[in-house]
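Hi,

Here is the structure I said I would pass on.

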Amino acid sequence: MPDDPKQETFQEFKNSFAYGSRTDLNFKFLKGLSNEDAAQFFQDLLWKLGDSFNDGDFDRLIKHVYQWQIRAYSKEGKWTYTEGPFTPLQKPVSKSRLALLTSTGHFVAENDPEPFGAKNLTQEDAIKRIGEFVKAEPELSSIPVDTPQENLRARHGGYDIRGVQADANVALPLERLLELEQEGRIGRLHSEAYSFVGACSQLRLMKQAGPKWIEIFRRHNIETALLIPV
Amino acid sequence: MCHVSVGHVARLFEEAGIATVVIAIKAFQRPLESMALPRLVITPHVKGRPLGAPGDDERQRATILAALNLLDSAKQVGAVVELPGGYYPGR
């Protein structure tokens with residue numbers, strides 16, 4: 001917080017949730033809102049909380065945040081395309097080899113990708129170094145699909161990792177995919193899942209990392225990919 | 001930015017002959033649709049938990065099944081399915 005909190009403006013306050021003195025990756029979107037919209041967000045949040053004091057239903061608070069996340073992130077981005085490639089699936093999924101790839105920043109505990117050569121980089125470190133991540137080529141981590149949750153780690157300076165720490169399946173659904181393979185809904189789940197830190201250089205992703213990842217998928221005869229951003 | 005990165009991976013893979021499907025939260029729908037992706041499942045969930053709440057195995061499973069069904073059924077670029085329901089932790 002500033003040395004003299006009395007001098008802090010509302011704009012500084014709302015912006016402080018995005019890589020500032022009050023960093024909270026669930027609410028970093030506040031920085032992208034106008035002062036008026038951010039004020040409305042807080043006022044409505046507190047009003048709904050008052051309703052929840054009566055009926056104990058806190059779902060309305062989640063819905064409120066959900067609606068404002070949509071409002072904040074729904075702007076059209078820098079990367080827009082009018083046409084896109086399409087590969088038809090040659091066989092049904094129940095007869096295809098499928099791999100999972102996420103941008104969640106997961107890795108196996110004993111196989112830390114050590115970004116920037118840093119050992120034991122923490123989530124807090126990753127948040128502080130987000131500016132370096134977004135300029136770097138992303139690195140793909142391989143994760144055996146039978147890795148127990150306690151051996152998984154997530155580190156990503158762009159989102160709140162508490163959800164995946166509570167249950168990796170919310171974004172890296174290894175257990176659900178293994179169940180669906182067992183049931184025959186997926187022909188063959190590739191033995192490795194893949195993950196990278198999605199906060200990265202788009203140009204380095206497209207020119208350098210992407211072609212390498214395609215080679216990995218081709219080498220393993222992977223026909224289809226389930227892709228999950230956070 | 002995370003969602004844009006995955007959008008670019010989808011486009012690269014499709015160009016290389018690997019069929020893809022993306023599962024993303026509603027907040028990312030507009031920017032991802034503007035990337036002309038082949039197949040997209042939109043979920044009514046909060047950021048950082050695209051498949052549903054921790055411990056909600058049933059919801060996570062339903063989300064993946066929607067994606068697998070879309071892989072089987074989509075015939076052209078821009079196939080989008082919105083998962084009904086909401087985000088309900090603690091169930």
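**Salt bridges, then the rest**

Counting over all chains, the rule comes to 18 salt bridges. Keep in mind that this is a predicted model.

One of those salt bridges pairs A:Glu223 with A:Lys91, with 2.8 Å between the closest N and O atoms. A:Glu223 sits in the loop between α8 and β7 of chain A, and A:Lys91 in the loop between α3 (59-73) and β1 of chain A, so this pair ties together parts that lie 132 residues apart in sequence.

Now for the interface. Across the contact between chain B and chain A, the rule gives 4 salt bridges. A:Arg176 and B:Asp57 make a salt bridge, and their closest N and O atoms are 3.4 Å apart. As for polar contacts, 30 residue pairs are counted between chain B and chain A, both residues being at pLDDT 80 or more.

Which elements of chain B supply at least two residues each to the side that touches chain A? They are α1 (2-15), β1 (19-25), α2 (29-33), β2 (39-43) and α3 (57-73) of chain B. The most comes from α1(B), which gives 13 residues to that side. Sorted by class, the side of chain B that touches chain A has 37 nonpolar, 14 polar and 13 charged residues.

For the overall extent, 64 residues of chain B and 68 residues of chain A take part in the contact. The area buried between the two chains is about 5,700 Å², and carbon and sulfur atoms give 65% of that.

There is also strand pairing from one chain to the other. Strand β7 (residues 224-228) of chain A runs parallel to β1(B), and 4 bridges join the two. Within this pairing, A:Leu227 stands opposite B:Val22 of β1(B).

Inside chain A, take a look at β6(A). Strand β1 (residues 97-102) of chain A is joined to β6(A) by 2 bridges, in the parallel sense. Strand β3 (residues 141-144) of chain A also pairs with β6(A), but there the sense is antiparallel and the bridges number 4. A:Tyr194 in β6(A) turns up in both pairings: A:Tyr194 is the bridge partner of A:Leu101 and also of A:Ser142.

Last, the aromatics. Over all chains the count is 15 aromatic pairs. Among them is A:Phe196 with A:Trp213, a tilted pair at 4.8 Å centre to centre with 55° between the planes. A:Phe196 is in the loop between β6 (192-195) and α8 (202-219) of chain A, while A:Trp213 belongs to helix α8 of chain A, so the pair links parts 17 residues apart in sequence.

That's what I have for now.

Cheers

Methods. Residues numbered from 1 in each chain as written. Chains lettered and ligands numbered in written order. Predicted model: local features only at pLDDT ≥ 70, side-chain atom pairs only at ≥ 80, totals over all residues. Heavy atoms only, no water. Contact = heavy atoms within 4.5 Å. Buried area = accessible area lost by both parts, 1.4 Å probe. Salt bridge = Lys/Arg side-chain N within 4 Å of Asp/Glu carboxyl O. Polar contact = N/O pair within 3.5 Å; in protein donor to acceptor, adjacent residues only side chain to side chain. Nonpolar A, V, L, I, M, F, W, Y, C, P; charged D, E, K, R; others polar. Pairing = 2+ DSSP bridges. Phe/Tyr/Trp six-rings, centres within 6.5 Å; stacked < 30°, edge-to-face > 60°.
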